[in-house]
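Please examine the sequence and the model that follow.

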Amino acid sequence: MQEFYEKVPRWGTVWLKRWYWRASHSRLEPVKKLARTIKNHWEGVLNHIRTGIDNGILEGRNSLFKAASAKARGYRTSTYAALSYLLVNAKMQLRFPGPREAAHTG
């Protein structure tokens, strides 16, 4: 697979198609499985090669959304669920006053 990252950007789909053919005809089942996975995600693999961009950021946001969704179960309205999502994704920390700070505010 090291060869994959070294050759594909220069040789493009030609090298990838050759690699796929050899891998899919391998006697090693893990290599065949990898070949099938790459074939199933062919366009995404090529887009990653061309642009160098992956979907890591999107996957991270998706996990945050799922966490917020789990926290929002039981809310009566979708507004509260949306607020939960915003709080989970916000880059701020809610800080509540401690006992000493609360005593000084009065």
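Is the crossing of α5 and α6 left-handed or right-handed? In this predicted model, the crossing of these two helices is right-handed. Helix α5 spans residues 56-71, and its axis comes within 8 Å of the axis of α6, the two crossing at roughly 135°. Because of that angle, α5 counts as oblique to α6. On the α5 side, the contact is formed by R61, L64, F65, A68 and K71, and on the α6 side by S84, Y85, V88 and N89. Sorted by class, these comprise five nonpolar, two polar and two charged residues.

Helix α6 itself covers residues 78-89 and includes L86. Is L86 buried or exposed? Its relative accessibility is 53%, and since the threshold for exposed is over 50%, L86 counts as exposed. In space, the C-alpha atom of L86 lies 8.3 Å from that of A68, although 18 residues separate the two in sequence.

These helices belong to a fold that contains seven helices and zero strands. Along the sequence, the order of elements is accordingly α-α-α-α-α-α-α. The protein has 106 residues, of which 15% count as buried.

From α2, the residues T13, L16, K17 and Y20 meet W42, V45, L46 and I49 of α4. This contact has six nonpolar residues, together with one polar and one charged.

Which residues form the largest nonpolar core? The core has nine residues, namely W15, L16, W19, A23, A35, I38, W42, V45 and L46. Helices α2 (13-24), α3 (29-40) and α4 (42-51) each supply at least two of its residues, and α2 gives the most, with four. In soluble globular proteins, nonpolar side chains tend to be buried together.

Notes: Residues are numbered from 1 along each chain as its sequence is written. This is a predicted model: local features need pLDDT of at least 70, side-chain atom pairs count only at pLDDT 80 or more; totals for chains, interfaces and linings use all residues. Side-chain values use heavy atoms; hydrogens and water are left out. A nonpolar core is a set of buried Ala, Val, Leu, Ile, Met, Phe, Trp, Tyr and Cys residues joined through side-chain atoms within 4.5 Å. Buried means under 20% relative accessible area, exposed over 50%, partly exposed in between (1.4 Å probe, protein chains only). Axes are lines fitted to C-alpha atoms, for helices over the stretch in contact, and angles run from 0 to 180 degrees between N-to-C directions. Angles under 35 degrees count as roughly parallel, over 145 as roughly antiparallel, 65 to 115 as roughly perpendicular and the rest as oblique. A crossing is left-handed if the near helix is turned anticlockwise from the far one by less than a right angle, and right-handed if clockwise. Contact means heavy atoms within 4.5 Å. Ala, Val, Leu, Ile, Met, Phe, Trp, Tyr, Cys and Pro count as nonpolar, Asp, Glu, Lys and Arg as charged, and the others, Gly among them, as polar.
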